[in-house]
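This briefing describes selected features of the structure shown below.

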Amino acid sequence: MPSTPCPALTVFICGGSLTEDTLLERPFIGGPLTAPYPALWLPGTTFISAIIEPGRFASLFDIDLDELTNAVLPLDELRIPSAQLEETLRASDDPQAWVRAFADWLLKLLARREGGAVPFVLPAGLLSLPTGDIATRCGISVRSLERRFLASYGQSIRDARKMERYVRALGKMMAQPARHGLLTRVAMDAGYHDQAHMIRDFIQYTGRAPRSLMQGLAGDQQGELRLLHYDDADVPIVAGDLSHPYNS
């Protein structure tokens, strides 16, 4: 699994995943990933995931996101009942029915959380500003900003800026067919100084250089990059969200 700023809630309809010698078969939350995360799906595994916008995690779960960075947490440990959801999902073979059931469950979870602590959400477009300016815009001290941002987004402001460049570049690569000169344009549009800068980040976040990743996206339908493959109609949606991961 490549790096991502987004936490996700995953429920297995059948099968499971082996991560770091632990077999996951029940619902779990995965935090932001700052490096490729090894996961082996059991044969025949089917699952549904809800990808959560950075900064919105606290609207659903009562745990600071920095406690989950590069980690997974079984939903049972948060004492959130999910057995009925699992039964509903496994009783159907219709993906649209899975989506409806999962969405209903999430909305009920959100409703139960209403009235609780308000999550810290960075106003759109502010991440590119100097940290002191962001704090001033938010009406808090720099130290308070850094603490609240870490708890809400799972990483420091500096690391989030670096991650934003990577995910913006990844979204642009996913949205366009491979062609000569594409990587140069992607690097410029994503805010990298040069391709070498982008290569270093991609190796850190995906384990691959951008060209290798782009070639893999074009041909790897069932291998380690399969989670980055989407139907043609969904690619613009996913790529658009990746291009602006911290804009709420």
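Val-121 is partly exposed, because its relative accessibility is 21% and the class of buried residues ends under 20%. This residue lies in the loop between helix H2 (95-113) and helix H3 (131-138). The model is a predicted one, and the values below are computed from it.

- Val-121 and Arg-56 are 65 residues apart in sequence, yet their C-alpha atoms are 7.0 Å apart in space.
- Leu-33 itself is placed in the loop between strand S4 (28-30) and S5.
- Leu-33 counts as buried because its relative accessibility is 6%.

**Salt bridges**

- In total, the structure holds 7 salt bridges.
- Arg-26 and Asp-76 meet through their side chains in a salt bridge, with an N to O distance of 3.1 Å. This pair links distant parts of the chain, 50 residues apart: Arg-26 is in the loop between strand S3 (22-24) and S4, and Asp-76 is in the loop between S7 and helix H1 (83-90).
- About one helical turn separates Glu-86 from Arg-90, because the two are 4 residues apart in helix H1.
- In this pair, Glu-86 is buried at a relative accessible area of 4%, whereas Arg-90 is partly exposed at 44% relative accessibility.
- A network of salt bridges links Arg-26, Asp-76, Glu-86 and Arg-90.

**Helix H5**

- Helix H5 covers residues 157-175 and has 19 residues; at 1.5 Å a residue it should span 27 Å, and the 27 Å between its end C-alpha atoms agrees with this.
- Buried residues of H5 include Ile-157, Ala-160, Met-163, Tyr-166, Val-167, Leu-170 and Met-174.
- Glu-164 and Arg-168 form a salt bridge in which the closest N and O atoms are 3.4 Å apart.
- Since Glu-164 and Arg-168 are 4 residues apart in helix H5, about one helical turn separates them.
- In an α-helix there are 3.6 residues a turn, so residues three or four places apart point the same way.
- Glu-164 and Arg-168 are both buried.

**Surface patches**

- Leu-18, Leu-23 and Leu-40 make a nonpolar surface patch of about 250 Å².
- One of these residues, Leu-40, is in strand S5 (residues 40-41). Leu-40 counts as exposed because its relative accessibility is 52% and the exposed class is over 50%.
- Asp-62, Asp-64, Asp-66 and Glu-67 form a negative surface patch.
- Asp-66 belongs to the loop between strand S6 (46-51) and strand S7 (72-74). With a relative accessibility of 31%, Asp-66 counts as partly exposed.

**Backbone angles**

- Most residues other than glycine have a negative phi.
- Asn-70 has a positive phi of about 60° although it is not a glycine. Its place is the loop between S6 and S7.
- At 35% relative accessibility, Asn-70 is partly exposed.
- Arg-79, also a residue other than glycine, has a positive phi near 55°. Arg-79 is found in the loop between S7 and H1.
- Arg-79 is exposed, because its relative accessible area is 79%.

Definitions and conventions
Residues numbered from 1 in each chain as written. Predicted model: local features only at pLDDT ≥ 70, side-chain atom pairs only at ≥ 80, totals over all residues. Heavy atoms only, no water. Patch = residues over 30% accessible without salt bridge, like charges linked within 9 Å, V, L, I, M, F, W, Y side chains within 5 Å. Areas by Shrake-Rupley, 256 points an atom, 1.4 Å probe, with all protein chains shown as cover. Salt bridge = Lys/Arg side-chain N within 4 Å of Asp/Glu carboxyl O. Lys, Arg positive; Asp, Glu negative; His and termini not counted. Charge placed at Lys NZ, Arg CZ, Asp CG, Glu CD. Buried < 20%, exposed > 50% of the residue type's maximum accessible area, 1.4 Å probe, protein only. Expected span 1.5 Å × (residues − 1).
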